[in-house]
Amino acid sequence: MSKAGWIRLVIVIAFFGALEIMCRIGWIDRLTMIPPTEMAEALWSMLLAGSITEDVLYSLRNTVAAVALSVLAGFVCGVIVHALPRLRRILDPLFASYYAVPVFVFYPLLVVIFGINATPLILIGAMFGIVAMLISTLTGLDRVPRVMFKSARMFQLDPLRSALLIKLPSAAPHLITGVKLAVVYSVIAVVAGEFILSSKGIGHRIAYAYNDFDSRTMYGLLLLLLTAVTVVTMSLHMWEHRLHSRWAKQ
Amino acid sequence: MMKHRAIDYVLLVVGLLVVWQICHELVGEYALTSPLATFAYAAKELGDAHFWNNAGASALALLYALIIAMVGGLAIGLALGLNRLAGDVADPMLITLFSVPKVTLYPVILLVFGLGLSAKVAFGALHGIFPVAIFTLNGIRKINPIYVKASRSLNLSRSRTIFTVLLPAALPEIVSGLRVGFAATILGTLIGEMFAATEGLGFMLIKAIDENNVELLMSLTLFLFLVAATANGILLAIDHRLHRRSAAAA
């Protein structure tokens, strides 16, 4: 591990150590926060007892579906918009301000249409993630060397094959960025949706535990959620870096 | 050129209205009000003191959150950017903190700050501070080393180096960060109001959701979108101009 990596590790350990001590000696009262070790213990016992398995799987399934939908639709729409510069110019302001609006205010509307089940959660997650993927696809396609498009024309590839064989691989580093953002945004939307209106899922359980003053369950679930998201985004981040540096070398 | 852009905007607005009307026809009055009905309702709301009281409460919370996010983010980015090792250590940590779905932390924020203004401000600032810090850090690190050498050979003091060399040179990046941070802060403040407030537009949103008042929900969404899009458009124009100027200077 690099020197910076070691320092990071020390900082993280020091942070959780300080939190632990402050909780133990009562600077932070137990109603506000429980010590990190107790969070881990609460999570461990919940995992062993299987009391949260169903909710975790429900949220996971919805998030995966939302990510898949936003990545796929985002890429396809990105390729189409990239091929039509006029349309792109028109839509540009929309893309630029999309994330300034809390899109999940549309969640209740989706609930009215589809009922309280997984469909509105998946759709709101996909709505949140799709534009990030679309923008990254556009950026990626902008960086594809022109010579690639020329050779696609030389080989007389049809639009579908040129998208899959030429555009997809050569825009890959930026597409990974898009996937990473789509994951982050989809998680936010799915969990926020579960907070507001849902009968299942990890967000629902956290909100329920909060209203119930059940801080062990709440912090255990928060720990699980934050750890999972951090691991996923950090792995995608490292993958992204590796692809970017490999492309830069070529 | 100007005329082209005006036509593009008109086309975008008309296109969005058409899509909206089609969605309205598809799902019906109870799920999605028509553009015309929404505009009529929004006009009525705009004449209502109750709406402006809530909008004022949101604006105040947003202002505080923006000040904390901008000043804090700049200070963090600058402090870490001045030292190579500190920057290397902090960069991935800031990115992780940025990508954590902070919606999940709302019970913690509520427990720490209680229901009210400080919780909203904390939520907004928490969303906005990381993008500002990340962009500032990268801006400082990407500065042409010649500038730093020149300031050293001119024997400038540390504060003069920061204010007359580093900040102006990193300005395009910083403005990009402020733009992204601005959008994130709006989103954070609104989410904070949805979960942790008794007044403000976010609170009106969550009440409209509970009462299933689709007209109010759509009017508020429309209002927020227009405000966010306008502010974003202005910052985007400044952003583009600065980037073009620095590209011309390089």
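Leaving aside neighbours within four places in sequence, which residues is Ser219(B) in contact with?

View 1. Ser219(B) is in contact with Thr38(B), Tyr41(B) and Ala42(B), its neighbours within four places in sequence being set aside; contact means heavy atoms within 4.5 Å. The residue belongs to helix α11 of chain B, residues 214-249. Helices (H or I, at least four residues) and strands (E, at least two) are DSSP runs, numbered from the N terminus. Ser219(B) counts as buried because its relative accessibility is 4%. The classes are buried for under 20% relative accessible area, exposed for over 50%, and partly exposed in between, with a 1.4 Å probe and protein chains only.

Two notes apply to every view. Residues are numbered from 1 along each chain as its sequence is written, and chains are lettered from A and ligands numbered from 1 in the order in which they are written. The model is predicted, with local features needing pLDDT of at least 70, side-chain atom pairs counting only at pLDDT 80 or more, and totals for chains, interfaces and linings using all residues; side-chain values use heavy atoms, with hydrogens and water left out.

**View 2. Chain A as a whole.** Chain A has eleven helices and zero strands, in the order α-α-α-α-α-α-α-α-α-α-α along the sequence. The C-alpha trace of chain A spans about 70 × 55 × 35 Å along its principal axes. Of its 250 residues, 47% count as buried. Contacts in chain A between residues at least 6 apart in sequence join residues at least 24 apart in 73% of cases. The accessible surface of chain A is about 12,900 Å², and 70% of that belongs to carbon and sulfur atoms. Accessible areas come from the Shrake-Rupley method with a 1.4 Å probe; for residues, only the protein chains shown count as cover.

**View 3. Chain B as a whole.** Chain B comes to eleven helices and zero strands, and its pattern reads α-α-α-α-α-α-α-α-α-α-α. Its C-alpha atoms fill a box of roughly 70 × 55 × 30 Å, taken along the principal axes. Buried residues are 50% of the 250 in chain B. For contacts in chain B with a separation of 6 or more, 74% are between residues 24 or more positions apart. Chain B exposes about 12,500 Å², with 69% supplied by carbon and sulfur atoms.

**View 4. The contact between chain A and chain B.** Chain A brings 48 residues to the contact and chain B brings 51 residues. Together the two chains bury about 4,300 Å², of which 82% is on carbon and sulfur atoms. Buried area is the accessible area (1.4 Å probe) that two parts lose on being put together, summed over both. There are two salt bridges between chain A and chain B, each being a side-chain nitrogen of Lys or Arg within 4 Å of a carboxyl oxygen of Asp or Glu. Asp8(B) forms a salt bridge with Arg86(A), where the closest N and O atoms are 2.8 Å apart.

Four residue pairs are in polar contact between chain A and chain B, both residues at pLDDT 80 or more. A polar contact is a pair of N or O atoms within 3.5 Å; within protein, one must be able to donate a hydrogen and the other to accept it, and residues adjacent in sequence count only if both atoms are side-chain atoms. On the side of chain A that touches chain B, the elements giving two or more residues are α1 (3-24), α4 (85-97), α5 (107-114), α9 (172-196), α10 (202-211) and α11 (215-249) of chain A. Of these, α11(A) gives the most, with ten residues.

**View 5. Pro101(B) against chain A.** Pro101(B) sits in the loop between α4 (84-99) and α5 (106-113) of chain B. Pro101(B) touches Val187(A), Ile188(A) and Val229(A), not counting residues up to four places away in sequence. Its relative accessibility is 1%, so Pro101(B) counts as buried.

**View 6. Two loop residues with positive phi.** Most residues other than glycine have a negative phi. Gln156(A), which is not a glycine, has a positive phi of about 55 degrees. Gln156(A) is in the loop between α7 (146-154) and α8 (159-170) of chain A and is exposed, at a relative accessible area of 70%. In chain B, Asn155(B) has a positive phi near 60 degrees. Asn155(B) lies in the loop between α7 (145-153) and α8 (158-169) of chain B and counts as exposed at 69% relative accessibility.
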